[in-house]
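These are my notebook entries on one structure. I wrote down what I looked up, in the order I looked.

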Amino acid sequence: MASLKRSFESDPFAQNISSKVYVRSTKSGKVQKIVREVYLRQDIPCSSKLCNSCLKIAPRDAANRPIPFVLSEKPAGTSVFTQGHYIVPDTNAFLSAMDLFEQSSAFYDVVVLQVVLEEVRARSLPLYNRLISLTKSEDKRFYVFFNEFRLETYVTREEGESVNDRNDRAVRKAVKWYNEHLSKTSKKAPAVVMLSNDRDNLRKAKEDDIPAYSLADYVRQLKDGDQLLDMIPEVEERDALIEKKPGQFLYPEYYTLSKMNTGVKNGLLHQGIFNVSPYNYLEGSIRVPAFPKALLILGRENINRAVDGDLVVVEVLPKDQWKEPSTKVIEEETVTKNENPDTEEGSDLISEKERKALQEEAKRTLAKTTEGHALPTAKVVGIIKRNWRQYVGHIDQSSVSSSGQGRKQDSVFVIPMDKKIPKIRLRTRQVAELLGKRILVTIDAWDRTSRHPTGHFVRSLGELETKAAETEALLLEYDVQYRPFPKTVLDCLPKEGHDWKVPASMDDPGWRDRQDLRDLLICSIDPIGCQDIDDALHARALPNGNFEVGVHIADVSHFVKPNNAMDTEASIRGTTVYLVDKRIDMLPMLLGTDLCSLKPYVERYAFSVIWEMNSNADIVGSRFTKSVIKSREAFSYEQAQLRIDDASQQDELTNSIRTLLELSKKLKQKRLDAGALSLSSPEIKVHMESETSDPIDVKTKEHLPTMSLVEEFMLLANTSVAAKIYEAFPQTAILRRHAAPPKTNFDELANQLRVKKGLDLSVESSRALADSLDLCVDPKEPFFNTLIRIMATRCMMSAEYFCSGTQSYPEFRHYGLASEIYTHFTSPIRRYADLMAHRQLAAAIEYEAVHPAVRSRGRLEAVCKNINVRHRNAQLAGRASIAYYVGQALRGKATEEDGFVMKIFSNGFVVLVPRFGIESLIRLRDLAEPEPAATYDAETYTLTTSGSREVKVELFQKVRVRVTDQKDETTGKRGVKMELVSTY
Amino acid sequence: MASSQHVLLSPAELAYLHASLSLTPPIRPDGRSPTQFRPLVAETGILPGTNGSARICFADGTEAIVGVKAEVERTRTRHDFPSLDDEGAEDDDDLDNQHDVVKGDNDWVEMTVEIPGYRDDDAGTVFLSAMLSEALLADGEFTKRLWINRRFHWKLYLDILLISPPLSYPLPLLSLTTHLALLATRLPRLKSEGDEDPLFDDDWAAAPYLYTRPGKKGSKKTVAAPTARPPVTLLVMAVGNNIIFDPSKEELAVADVALAVSVGEHTGSTSSKPTEMDIDTEETKGHHNLRLLSVRTIDPPSRLTPPGIPNASNSAYGANAGAKDTEKKKQQQEQARTTESEAVEGVWKAPRGGAKTLVMAALVQKVLEKGGVADEVLDALDGVDLN
């Protein structure tokens, strides 16, 4: 009987075939044995320009030209490898020090092994993406070598060998092969060096005579290595933890993954995103489906090394440990001010000061025994996924030991800009240089033995408080992609550049199915200085007494085709970010401000929504079409307003704007009748000096009727388009929803209103809320209503993009606009969602075929998820930018302003100053020196101080505050500081 | 697949075969000794995608493949299993008690037999699969190996395929192949503890064998004793006073009795007293500690063969030629009746009636004998490389 098994002796190709056998566990709990055959080959080139033998086998492109090799023939040398060298990092090296490889001073000619690339992808997707972009950059010369498919470098897993060990061995084998292979090319061939931070791997490499260094050792060989040293985490000691005595562990151990999974499935444990309270760094909350309200997580031990944003698993504590959310402000930088970063090992988990702060809390809860108020508390028992990113911060001056000099490594604390992030312990040799600078750091680890997470330095952004550093810090902190567009993206632009014109001949393919609307009196109305004009409008009377109203949106989808580099870049950026002095575009300038922008007096492609309306603004009919328009004028809101108000202007264009205004008022009334909310957030504008763009004044934004003119028609266009694309693509339409907020969100505010003002807030529906908000007025204080609206807005959910197949129709509702269905269509230049909606609408009106990218639900969901995040970040970045400039505008000035108390704690209160749109915390200790004693009545929201200063502060109270700018010495932040002058 | 396959032998041939098998010692058509098996070739691990597989070829050209696949399945809560909520409070005590609650369920094994040319609901096929699974499940020890924790177990799918035409009754072939496949079966190594959702080691090389083998590195002790092995079902037949193992198709056609005897190895788990254990080890040195699991009688095809006719009553030989008077006729009729009931030397007569208890006892005895056939077979199978 001939054996059925593959016989390795008899088969001449046997050595080219290998197989991988492993066990795969799927999410659904299935466990499969997987057998993969691996076909090994010998025609994978080493890609060194020195090598001639590989040139023969190099893959060729369609024109039969070999694809050029990557690795330079004269690679840079180091003090050890004077003949030049190539670098082969292992997975660990990339994971722990990706920043190092992105340096432009060193790290050229790097071989990225396939096994390493795959491991990096499995461990961290963001790092993988960074590595991929490195391999694509031409000047860094990173080459991906498919070692797993090359016969000589393939290794099979040995019995009892862990996957990691096997992969390490694969790396070593590849390095060895590279060295042998290159030594054949010339006598002075460059060395191939393995970089690893894994001691075990380094030791084994040494045994096999493979050139290998730890990152630190390697960097020391470089010319300006010392500066790079800080970016390297310590060499990993695999068994370092085991040596520690159990008594030294500060934090409880995490559960095993399987235990967590089982617990979560059984409902004993809960999984969710961990959020830290912005006012109290020792209080976190986590929203889980099983509880209507968020679970509280109090204290260091219960938080158990979770960092804001991590996906964690928590266990609910017994009921006798349930607590009320804290009414006290606890700031990490003040409580843990004098900790020494060097000698923290072995110290107690909870420092004396923290304990004191918490104890007061406990006392208060015990004294009250108000069971109804206590919230379930929980403790973190494990972390599913860390969501660590790079953090912007600065070195805590007080943590720097005075003896620090020379090249010694010092431990210092970095205080992140984001208050929700704990301070990070950092080892650096350049304390002196980094003091007073904004720096970028990453967290490497948080051991059970260490009270604070440890991290490493990435780079310096510049001096604190310089505009460049602060802006970059802001962009980094909100993860805004601000690098210039790469060449691949710019290649997607039309070749004609700024000379591009709408083709004159109507036979041109660009005119296919396009309506010629050039004869319509179309104009655009935007803020002053707007360059990216997304939308334009027209209205004209029809013979039957109705009106034809058109909204014309820049036809971005004509220029940005799905799935090309520009589209991908735009989908990653998601939105244009507006800062006070800067705009970070989603699309390259050429498109955004010229070719797509509906500039006046020139012909432009547009996507038009055209309604027929009667004089009551009821829609009689609507249609959608691609078109060519020619805008007659680009107005600013103010200009348009002046023109409308000027009765002498009776030209057709002005009259059509008046028609639009009339119709928009009716539309708005209808919307409000349907229960649309008019919400509020403090909006201000920073006036800049035109030359230096230094802020000189801050003003609240004015509201003009022309603004709501544009707004109403945009809302109408969005709603019409939403209905149309949902009809065409019930499963995949990109829509925008605003979920009704859970009633509990308003509990606190409703209670505050009832107690303080005797007002009722009804929240049954958006209509009821809108009505009761209208009733929330204080005859003496006109701003009171706005204040309540601001606070109500904060109780709501944020609107989100979604893919229609993921929700049921009733869930589509936009709560704030009181619209059944809604999408974003009108700003494709600055929002990616609008671009998707354009593509879907174009397919819905059969202008073009449905592209797979707008049809695949999985992809659309991913896109929605991303743009939701980007959108939110862009908003936050914009606000932070305003806050920064407000601070700068106030610099050196002290003004007294009216403010309102909008939040109150037992040791401080938050005041909002409407004029600047800023809010700030006034602590008890800011009131007077020494700190006055205070009693806080949580029932009536009243804080009464006694002793050194006697004031009584109530919620919603109008107060007079002195606003100054102040640079906090510990945080290094220039911020607005408020002092209480008097109460009214 | 019925045992009663049509045998193309004339009554005279049958009679001859029967006679030669009844001799002492019997003379078998292929020259084997009564206890000798047909030569076979075996290998395991032929199907890389399965958890375990084997293939056996008999010299007569019959060939079988068995593949074993395992899936994790949630154990249905049963009344005798404590429900999960109750145990939430208990902690470490559970771990100690765990061995007590290791239980199996016959539903955890699904066996399908496929014989080319026969429907899968053919009586013969169903009977074969019933016999094979009965042997496997008889002592309830096997399914315990599939226990993961109180909430999960492995579900084992055994696919037994005869890939050649059924030239002889395939039971022994299928049983031996199944035996080998189970020996070669490995299940992913469990990493999680207690009643958690199971989590497994991704390294296949670390996966322990379902039947752990002594002296083999990396094989962790599972529930039952390490020397255990899956059962084998042997086909034994008796002709006259002779007991013949592994009959070929022709031999089976003249069998007086045919039995399928399933034999397992004594796992020792029932004899928990240390003293008994000592005795066992003494005894089993070099031998297998055999234990009878099940016995089934097989309807031998011989029952359906046409009987031979003695010359006396064969008209072709002129037995009736001169008979004219009624008395002679009557005599002949009586004679014919006796020939129906009594054996006539050299004339084939299909066996009648069931197996005699004594014969059965002798058959079973022969199988279980120390150093007997079952021992020999198991020894031979030990020689198969299981990797």
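**Entry 1: the two chains.** I count two residues as in contact if their C-beta atoms, placed from the backbone, lie within 7 Å. This is a predicted model, in which local features need pLDDT of at least 70 and side-chain atom pairs count only at pLDDT 80 or more, while totals for chains, interfaces and linings use all residues. Residues are numbered from 1 along each chain as its sequence is written, and chains are lettered from A and ligands numbered from 1 in the order in which they are written.

I looked up the interface and found 27 residues of chain A in contact with 27 residues of chain B. On the side of chain A that touches chain B, the elements giving two or more residues are β1 (17-25), β2 (31-39) and α10 (257-266) of chain A. Helices (H or I, at least four residues) and strands (E, at least two) are DSSP runs, numbered from the N terminus. The largest share of that side, seven residues, comes from α10(A).

**Entry 2: confidence.** I checked pLDDT, the predictor's confidence in each residue, from 0 to 100. Chain A has a mean pLDDT of 83, and 89% of its residues reach 70 or more. Where in chain A is confidence lowest? It is lowest in helix α9 (residues 240-243) of chain A, at a mean of 44, and highest in strand β21 (residues 547-554) of chain A, at 94. Over residues 236-244 of chain A pLDDT stays under 50, and the model has eight contacts beyond four places in sequence for them.

**Entry 3: cores.** I call a residue buried if 20 or more other C-beta atoms lie within 10 Å of its own, exposed if 12 or fewer, and partly exposed in between, with C-beta atoms placed from the backbone. A nonpolar core is a set of buried Ala, Val, Leu, Ile, Met, Phe, Trp, Tyr and Cys residues joined through C-beta atoms within 7 Å. The largest nonpolar core has 229 residues, and V911(A) is one of those with the most contacts inside it. Helix α27 (residues 857-889) of chain A gives the largest share of this core, 13 residues. Apart from it lies another core of 81 residues, including V72(B) and A184(B).

I listed the neighbours of V911(A), leaving out residues up to four places away in sequence; among them are F900(A), I922(A), V959(A) and M978(A).

I also looked at helix α2 (residues 91-101) of chain A. Ten of its eleven residues are buried, so α2(A) is largely enclosed by the rest of the structure. F94(A), L95(A) and F101(A) are among the buried ones.

**Entry 4: a barrel in chain A.** I traced a closed barrel of five strands, β13-β14-β15-β17-β16 (chain A), with mixed pairing. Two strands pair if DSSP finds at least two bridges between them. Strand β16 (residues 437-445) of chain A and strand β17 (residues 454-463) of chain A are antiparallel over eight bridges, and A445(A) stands opposite T454(A) in β17(A).

**Entry 5: strands in chain B.** Is strand β3 (residues 63-74) of chain B largely enclosed or exposed? Nine of its twelve residues are buried, so β3(B) is largely enclosed by the rest of the structure. Six bridges join β3(B) to strand β2 (residues 52-58) of chain B, running antiparallel; A54(B) has V66(B) as its bridge partner. These two strands form a hairpin with four residues between them, and G61(B) in the turn has a positive phi of about 100°. β3(B) also pairs with strand β5 (residues 152-162) of chain B, antiparallel over eleven bridges.
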